[in-house]
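Subject: Structure for your review

Dear colleague,

Please find the structure below, with its sequence.

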Amino acid sequence: MNKKTIVFCTICSGIAMIGLFVAILAGAKQIPIKTIWDSIFHYEDVLEMQLVRDVRIPRVISTALVGGILGITGAMMQGVTRNPIAEPSLMGITQGATFSIALASASPFLYGAMGNTMAAFLGAMISGLLVLGFSMKSARNMNLSRLLLAGTALSTFFISMATILALLTNKSQNIAFWIAGGFRSATWTSVKLLFVVGGITTIIALFFAPKINIVNLGEEVCIGLGENPVKIRMWTLLLIIPMCAVCVAVAGNIAFIGLIVPYIIRKIVGQDYRLIMPISFLAGATLVIWADVLARLINQPYETPIGLFTSLVGVPLFIIMIRKEKVG
Amino acid sequence: MKKRRSRSYIVLSLVFLGILLLALSWGTYQISLSDIYKTIMGKGNLLQSTTIWDIRMPRIGIALLVGICLAASGSVLQTVTGNELAEPGMIGINAGAALMVVLVISNKTTNYYDAIGASALYIMPVVAIFGACMSGIAIYLLSYKRGVSPTRLILTGIGVNVGINAFISLYQLNMSRGDYNQVLTWTSGSLWGSSWRFFWLILPGVMVFLVAILHKAKILDVLSLGDEIATGLGVQVEKERRILFFFAIVLAALATSVAGNIAFLGLLGPHIAKRLVGPVHRRQIPLAALISSMIMIFADTFSRNMFSPIEIPAGIMISIVGVPYFIYLMMKEA
Amino acid sequence: MIEVKNLDVAYEQKYIIQNMNLEIPKGKITMIIGSNGCGKSTLLKTIARILTPKKGEIYLEGVRIKEQAPKEIAKKMAVLPQSPVVPAGLLVKELVSYGRFPYQSALGGLKQKDMEQVNWAMEVTGIAAYANHPVDRLSGGQRQRAWIAMALAQETEILVLDEPTTYLDMAHQLEILMLLQKLNKEQDRTIIMVLHELNNATKFADHIIGVKEGKVVFEGKPLDVITQENLHQLYGIHAKLQLDESGTYPICTDFSI
């Protein structure tokens, strides 16, 4: 680790910590610091403490975890596809979750059994398997524009199905909420889900970093070093699916985190995924914590969809990266 | 080869006729084939002739024009971007049109879906064309760097598409339910403006630009061999690409202005046509137009009646059929 | 025939060719050789108008290229890039007929003269039997012939080819080069190409141009310019050379670094 990396990590952690505090303090209702202290250590059943304990704290933990996981998945995907523009949110996984929520809420039986979060998780898992399974089949000779067009096509498909269901059950406007996502509904259940599913997969993913390094060198080199690139790619993508799914289930579509974060991190730490991945987690968490604070504060007491902020940064960056890429 | 081609033309014409009859007869008010014949000959009763001439015919007419527009637009985009999966609905052009419409609707929250004034009806197409052109120009300029590379054009389009959709969803969140449903018909594509007025409104534009594109059919053929060969054959690639891209945008905009954002129609027609008559544009584009029109008319009839009285946007039906086909194409080629 | 004067070509800020001057003789086969990234393909692309030079001029029959209408140049010079792609399902005869583009009006079909040229081009290249086959189903060698037929249908005095033998096996390489030689001998066409294979270049070229770092290192008849010193300068190799049996062109039998 060079000095630049250490400085970056320190600053990033600092900003993240401040973000955590601000996120708990600020909002439609400002809360004094003492109340926060009390609600953690001397809990009483008053509104403010309930707000801190059951709304703000799970929410801020969720933002941090989701941001971190999204950052790391972006890095992984770019590593194994050897393409700096690859991004999970452009692949149609989120929209699969939306469809699954529509399906669950259309049938009272399913809804009662699962609730939105679980439905989204399952939907994202299934669509993720579909998307990645098929994009991976030929990820080697498939160029980027095809991969992204496939993602766009699948998104359209899932949204179409969801729209039909919503129209038939007279819930059309709900689709917009499902698509926009956000941390509005984050609870301790979300935190648990993130910890269990996200935590385990993230740790496994970190152990995968050396292998991703090798795949990143190219197919031939990888085989030459005695590793099977197809296998590594497959396992990496299989890991990405539950990671994305759990994020989508908690927060809906937060696009471009997986693009923005690793892009910056690579500039600072270079090409070693053993560093890129954990630092992407840290930076992703920081970014999403603050994005959520902004989303809550900018148009109080209403929430602005957080995905809009990330797209606002992400789309221009995406286009800049395309312009830099040597294509065609 | 020739034989196969003429067989395709005959079969397709028959299918087209069949779909036409289905579209005329199927509906809340069923009309039998013999009654259709009588009505067309001017001998039907009042209800029948109103249904056919004032309700179903204009709808079919508009579906026909939309199919023509999107098929031509898709064929051109596929050649110009050198990517056989390019399509106006996926690279942000239709989304640009939808965004402008959404902005207009959300600024006039009092007008509900079935209560828009006549003036607003005429404003929509203009607004949609403006929006499509804006996003088309944005895509072109953003991908311009010493000339426009086809791949860059596509990737930029995908980015712009995502950006615009993020914006649309922001507006959708803050809308009243009536507005929301109106916007939904735009963002997912539906033949809402189905009267002769709209048919006549876009017909001249469609004809002019279709002829303009057919006039460039040979240039399209040569462009499909790649920029270098086209240059060698004396085509001013950058200039022609710009002109053709503009034609494609305008045609997509015309379609979007009466039918909203219909994805995949610009993909299905051209691809099936290419299969049947080969990648030569003067044959491919007219046949693609026929096929896309057929699909559009059928999808519209189907989505009007399948879940009656609820009308599903036709664009959604097309996506559900279109995506699996799209994926099949990708799997086959990769 | 073709003259290059004070030519500068650059991608972005990186200069590939600087201040290049050369002449390509009429009615001869000219081969451009050099190591990877030396600017030989760039030179060819600039001559073919695919790249625009930063500075300098290219003259075609004494007239500046940029002062001539694109379609007029297309009637004088046909260009075949390296490994071009063909749209799936396009028939050989359709591809070849695209070579008539510079002669056609926007809406008119193929005229008698066009048909004759197309058929002749397919005959000469030996692919007439495949006229109704889709190009993408042909073998590599046949496909390359189809492309050459297209260039021939363009009815030009000059043929510009960028590595026409890449991805072909030895027999097919020879076949293509012999076809080009025949066109040159029988019809007096000027042929310019970039070639990687040194021995093929010396065997078929009338005129060889060696390019290194965007500059012309040597040019002339193979017998005169393919020398140990020149090859060392061009590729950095120590080559063993000997003449072929008839004594008309040099062969590189072995080399070391």
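**Strands of chain C**

In the hairpin formed by E9(C) and E10(C), two residues lie between the strands, and Glu213(C) adopts a positive phi near 45 degrees. Please bear in mind throughout that this is a predicted model.

E5(C) is joined to strand E4 (residues 55–60) of chain C by two bridges in the antiparallel sense, and Arg64(C) in E5(C) is the bridge partner of Tyr59(C).

**Domains of chain C**

The domain assignment divides chain C into domain 1 (2–76 + 156–256) and domain 2 (84–155). The C-alpha centres of domain 1 and domain 2 of chain C are 25 Å apart. Where these domains meet, twelve residues of domain 1 of chain C are in contact with nine residues of domain 2 of chain C. On the domain 1 side, helix H2 (70–74) and helix H6 (170–187) of chain C each supply at least two residues. H6(C) gives the most to that side, with four residues. By class, the residues on the domain 1 side are seven nonpolar, two polar and three charged.

In chain B, helix H1 (residues 2–25) and helix H3 (residues 46–80) pack at an angle of about 140 degrees, with their axes 9 Å apart. H1(B) and H3(B) are therefore oblique to each other, and their crossing is right-handed. The residues that meet are Leu20(B), Ala23(B) and Leu24(B) from H1(B), and Ile52(B), Arg56(B) and Ile60(B) from H3(B). This contact of H1(B) with H3(B) comprises five nonpolar residues, no polar residues and one charged residue.

In chain A, helix H3 (residues 47–81) and helix H12 (residues 273–297) pack at an angle of about 140 degrees, with their axes 6 Å apart. That angle makes H3(A) oblique to H12(A). The crossing of H3(A) and H12(A) is right-handed. Their contact has 17 nonpolar, eight polar and one charged residues.

**Contacts between chains**

Which chains share the most contacts? Of the two pairs of chains in contact, it is chains A and B. In this pair, 40 residues of chain B are in contact with 40 residues of chain A. The elements of chain B that give two or more residues to the side touching chain A are helix H6 (150–173), helix H7 (177–188) and helix H14 (314–333). H6(B) gives the most to this side, with 16 residues. By class, the side of chain B that touches chain A has 25 nonpolar, twelve polar and three charged residues.

The contact of chain B with chain C takes 20 residues from chain B and 27 residues from chain C. On the chain B side, helix H9 (217–223) and helix H10 (227–232) each supply at least two residues, and H10(B) gives the most, with four residues. The residues of chain B that touch chain C divide into eight nonpolar, eight polar and four charged.

Chain A and chain C do not touch, and their nearest C-alpha atoms are 12 Å apart.

With kind regards

Technical notes: Residues are numbered from 1 along each chain as its sequence is written. Chains are lettered from A and ligands numbered from 1 in the order in which they are written. This is a predicted model: local features need pLDDT of at least 70, side-chain atom pairs count only at pLDDT 80 or more; totals for chains, interfaces and linings use all residues. Axes are lines fitted to C-alpha atoms, for helices over the stretch in contact, and angles run from 0 to 180 degrees between N-to-C directions. Angles under 35 degrees count as roughly parallel, over 145 as roughly antiparallel, 65 to 115 as roughly perpendicular and the rest as oblique. A crossing is left-handed if the near helix is turned anticlockwise from the far one by less than a right angle, and right-handed if clockwise. Two residues are in contact if their C-beta atoms, placed from the backbone, lie within 7 Å. Ala, Val, Leu, Ile, Met, Phe, Trp, Tyr, Cys and Pro count as nonpolar, Asp, Glu, Lys and Arg as charged, and the others, Gly among them, as polar. Domain bounds come from an automatic or database domain assignment. Two strands pair if DSSP finds at least two bridges between them.
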